[in-house]
Amino acid sequence: MELDLSPKLAKKVYGGEGGAYYAWCPDELPMLRQGNIGAAKIGLQKNGFALPRYSDSAKVAYVLQGSGVAGIVLPEKEEKVLAIKKGDAIALPFGVVTWWYNKEDAELVILFLGDTSTAHKSGSFTDFFLTGSNGIFTGFSTEFVSRAWDLEESDVKTLVGNQPEKGIVKLDASFKMPEPNKEHYNGMALNCEEAPLDVDIKNGGKVVVLNTKNLPLVGEVGLGADLVRLDGNAMCSPGFSCDSALQVTYIARGSGRVQVVGADGKRLLETTLKAGNLFIVPRFCVVSKIANPEGMDWFSIITTPNPIFTHLAGRTSVWKALSPEVLQAAFNVPADVEEKFSSKRKAEEIFFPPPN
């Protein structure tokens, strides 16, 4: 049975007045299960509060739009309170407790991509809530909870039973949440839209790579990530991950065309990508994209903290490294045809501006 690689949109799992939680289902996107990757996002309305939780998966969070506040508690550490905004990437290792809050008029949307190889369900995140109608303490008897917290049982019933909502709530506008600490941001997050560019090609595109150098915590997560901004009508060189990594891509803005080619030269996917789509490139398969006139931005995770890619066109491609004789023999073409091939794309790399 062939894998369905077609891009998919997330579906709402739960939510209410404060916002909603969406996820991609491995039944609809089988590559999630095969690749042990989870994908979800939270959309918080004004005064929306995502209740404290931890997950069975290590993740990278990426702020797709808006601004807000994130609370992060690493195991046996103090709470970090971060001001977050569009473009921020945050590494969330195992055992991290998080909460998210939006006090602005504009919706705050956060994407989560992560490794589910040790999760309860392959291809899906399972969150464990500290409070709410499905909070973990609702499952303990009042005797156990009162002894754990050294409280009277009546106080325990109030604490455990007073939050009837699940996952996401809307706080009163007058409620004061913790203020962010600028020092907490350093080492916990990186803004991909403001970070130094790893690639910048005029009329082609830009790339910021998230790795252990600029955000060491991704080493604990075991994932790398990048933000790619492809200019209008530009092309991303055909390429593949040469270290057996799987690439999971979310289209953040714009649209464009994509082709994926696998073993035996078989085209596995040819489709149009649009904002909100998630798609996955299997290991060692070659992928290339061409943006529509408005351009296309995407955020990807790669299942290694320091990914390595091989490109098949452009100045740094493998073809430029091979000797002319090898090319002539491999393509079975005359020397003049090989010379024409080798004389092209000597300046451009990775991204190719639109033809004149």
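**Exercise 1. How much space lies in the second largest cavity, and which residues line this cavity nearest its centre?**

Solution. Residues are numbered from 1 along each chain as its sequence is written. The model is predicted, so local features need pLDDT of at least 70 and side-chain atom pairs count only at pLDDT 80 or more, whereas totals for chains, interfaces and linings use all residues, and side-chain values rest on heavy atoms, with hydrogens and water left out.

Step 1. On a 1 Å grid over the protein atoms alone, a cavity is a set of points where a 1.4 Å probe fits but cannot get out, and lining residues have an atom within 4 Å of a point; a volume is the space filled by probe spheres set on the points, which are joined across faces, edges and corners.

Step 2. The second largest cavity holds about 50 Å³ of space, and Ser241, Gln247, Val281, Pro282 and Cys285 lie nearest its centre among its 12 lining residues.

Step 3. Strand S17 (residues 235-241) provides the largest share of this lining, three residues, where strands are DSSP runs (E, at least two residues) and helices are runs of H or I of at least four, numbered from the N terminus. By class, the lining has nine nonpolar, three polar and no charged residues, with Ala, Val, Leu, Ile, Met, Phe, Trp, Tyr, Cys and Pro counted as nonpolar, Asp, Glu, Lys and Arg as charged, and the others, Gly among them, as polar.

**Exercise 2. Classify the ring pairs Tyr14 with Phe129 and Phe137 with Trp149**.

Solution. Step 1. Rings of Phe, Tyr and Trp (its six-membered ring) pair if their centres lie within 6.5 Å, and planes under 30 degrees apart count as stacked, over 60 as edge-to-face and the rest as tilted. The structure holds 11 aromatic pairs.

Step 1. The rings of Tyr14 and Phe129 have centres 6.3 Å apart and planes at 80 degrees, so this pair is edge-to-face; Tyr14 lies in strand S1 (residues 11-16) and Phe129 in strand S11 (residues 127-129), 115 residues apart. Tyr14 and Phe129 are both buried, where buried means under 20% relative accessible area, exposed over 50% and partly exposed in between (1.4 Å probe, protein chains only).

Step 2. The rings of Phe137 and Trp149 have centres 4.5 Å apart and planes at 50 degrees, so this pair is tilted; Phe137 is in the loop between S11 and helix H2 (142-149), while Trp149 is in helix H2. Phe137, at 22% relative accessibility, counts as partly exposed, and Trp149 is partly exposed at 36%.

Step 3. Ring pairs link Phe137, Phe140, Phe144 and Trp149 into a cluster.

How values were computed
1 Å grid on protein atoms, 1.4 Å probe; cavity = no way out; pocket = protein on both sides within 12 Å on 5 of 7 lines; lining within 4 Å.
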